[in-house]
Amino acid sequence: MQRPVPRQPLRFSTQTLLLQLAVVLLVVLLSAAVHAWLTYDRVGSDAENQALTLARTVASDPEVRANVLAISEQPGTPPPAELLAGPLQSSAEAARTRTGALFVVITDETGIRLAHPDPQRLGEKVSTDPSEALSGQEITTRNTGTLGPSAGAKVPVYAPGSSTVVGEVSVGYSMETVAQSVARDIGPVALTAAGALLAGILGSFLLRRRLQRLTLGLEPEEISTLVHDQVAVLQGVDDGVIGVSADGRVSVFNAAAQRLLGLPDLAGSRWEDAPVPDQLKSLTRPASATAGPGVSITAGATPDALELVAGGRVLVVNARKALHRREDLGWVIMLRDRTELQGLTRQLDAVGTMSTALRAQRHEFANQLHTLAGFLGIGQHQEARDYLATLAATGPLKFPVDQAELLQDPYLQAFVGAKGVEADERGVALRIGPETLVRGQVTDAQDVTTVLGNLIDNAVNAAVAGSATDRWIELEVLDEPGDDGGTLHVVVADSGDGLAEGTDAEHVFAEGFTTSAGPVRAGGGQGFGLALARQLARRRGGDVKVLERGAKGGPGAVFMATLPHTTAGNPADSNLGAAGKDGNG
């Protein structure tokens, strides 16, 4: 047996449409009904007033008053034939015919008809209560008599020259005539109501379409679920999310985006006016745009990922077009922080380089030990002592960088040694300058090695790309003691061709610029070292700047970095300091 398919509930937009149509229809019908009732009541009141006027006119006629008095003074009521031929019947019918009334009835003081449109009713008691009129009151009535429903009036007939009531005059107008007047007046009202109903229906359909467009055809339950999901996702992820609507306004700017860019919530502001890096704006521009110095983005060629430096962080950014059923919803921009990853990568590279260097040193020590064993094996004790003295004079380790012992901090020694090995592999000699002396201990190794490593890498790239045959870079590091932490001064020079002619010194610190090959493509992984180094230094209260622009053929550019609060302690190791100075002297 096949199960019955459950009925799908009506969509919210359909329910809204039906509700609006019902409300419009109800309002129009109620308005039309009230207007019709008011019109009916007004026309009926006019008929009553007209009947009252005619009744007063007839009742005040002297002949009518005299004839009614004469009949009332008789011992009985005249027969119907006499009444039909009498003056009262003639006067009543003349008034009725002249005014179009339904009836004009004249009675005596007991309510017996003396005049009536229907001759067969003459001499009979009236069908409605005449007591109020016979008591001297004028009244208007709406009732149903022998001639049908009517709106009328009753007026007492007084004896001539007296206040004695001797009869009454009852006048009525047919309610059918009243209804015809109402129908005639209600026509425009009906047309107006029909027009209002059509306008309401059209407005309801237009509102339904707009509601569907605004809600993307989603039901309220779906919208509520989406809102909850959006809040949970946007606030629960570490990635920055920026939503730009189709009309160019920021619709989403989650907490992670605020933290990564160092900005307040920009939701509601215009995207083109937002204080964000221009590279982010360029991702959403449909036409050819420049993403910044050295980075060019054209329509149809937007990179999958863009690297930029903001607030001392290296961010990977990508943008995607948001569509829903072919409707353009705008852009979604994702920000991912890769600062820590870059730092860990740099440290891992340094560890790997030092591991290679230590393996080479182990091989060298093995050779030295074999030499000593040979001297001792053949009995050349004096030669063995001289050889040991030579080894002691050169130190326990032979770094690939000369004068590395001037960097008394072990971390700096290892890092510069690792960089020396890397530079040597690329055919560049890394040497320590004569003004180098670091006696304190580095307290913030990550920032120091990030700035120092970027400056050395930049210099190595420039030296490799330069035209000089003797490729070298020279490093000078000096620490300056301070009460709240020492300041590290770093100067790096190279044998490259310097800054290109016409290149502004500040331009080299823009994202996407590299001294090795000029501007690079977005997402290429280069061109961010100097920008990151400067931002990190400035965040600590220092700076990175160009001391010398250099010249083609060498020597190349000279960069200087100042890193406050990065060293601690200043041990007085005069022997090592003197040895270092002698070695450089």
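The side chains of Lys 419 and Asp 457 meet in a salt bridge, with 2.9 Å from N to O. Lys 419 belongs to helix 12 (residues 410-425) and Asp 457 to helix 13 (residues 445-465), so the bridge ties together parts that are 38 residues apart in sequence. Lys 419 counts as buried because its relative accessibility is 8%, under the 20% cut-off. Asp 457, at 24%, is partly exposed. The model is predicted.

Helix 13 also holds Asp 447, whose partner Arg 540 sits in the loop between helix 14 (529-539) and strand 19 (543-548), 93 residues apart from it. Asp 447 is buried, with a relative accessible area of 11%.

A search of the whole structure finds 14 salt bridges. One of them joins Glu 138 and Arg 56, with the closest N and O atoms 2.7 Å apart.

Arg 113 is found in strand 2 (residues 113-115) and is buried, at 3% relative accessibility.

Next comes a pair of helices. Helix 2 (residues 62-73) and helix 4 (residues 87-99) pack at about 140°, their axes 10 Å apart, and are therefore oblique to each other. Helix 2 contributes Val 64, Asn 67, Val 68 and Ile 71 to the contact, and helix 4 contributes Pro 87, Leu 88 and Ser 91. Five of these residues are nonpolar, two are polar and none is charged.

Terms used
Residues numbered from 1 in each chain as written. Predicted model: local features only at pLDDT ≥ 70, side-chain atom pairs only at ≥ 80, totals over all residues. Heavy atoms only, no water. Helix = DSSP H or I, 4+ residues; strand = E, 2+ residues; numbered from the N terminus. Buried < 20%, exposed > 50% of the residue type's maximum accessible area, 1.4 Å probe, protein only. Axes fitted to C-alpha atoms, helices over the stretch in contact; angles between N-to-C directions. Parallel < 35°, antiparallel > 145°, perpendicular 65-115°, else oblique. Contact = heavy atoms within 4.5 Å. Nonpolar A, V, L, I, M, F, W, Y, C, P; charged D, E, K, R; others polar. Salt bridge = Lys/Arg side-chain N within 4 Å of Asp/Glu carboxyl O.
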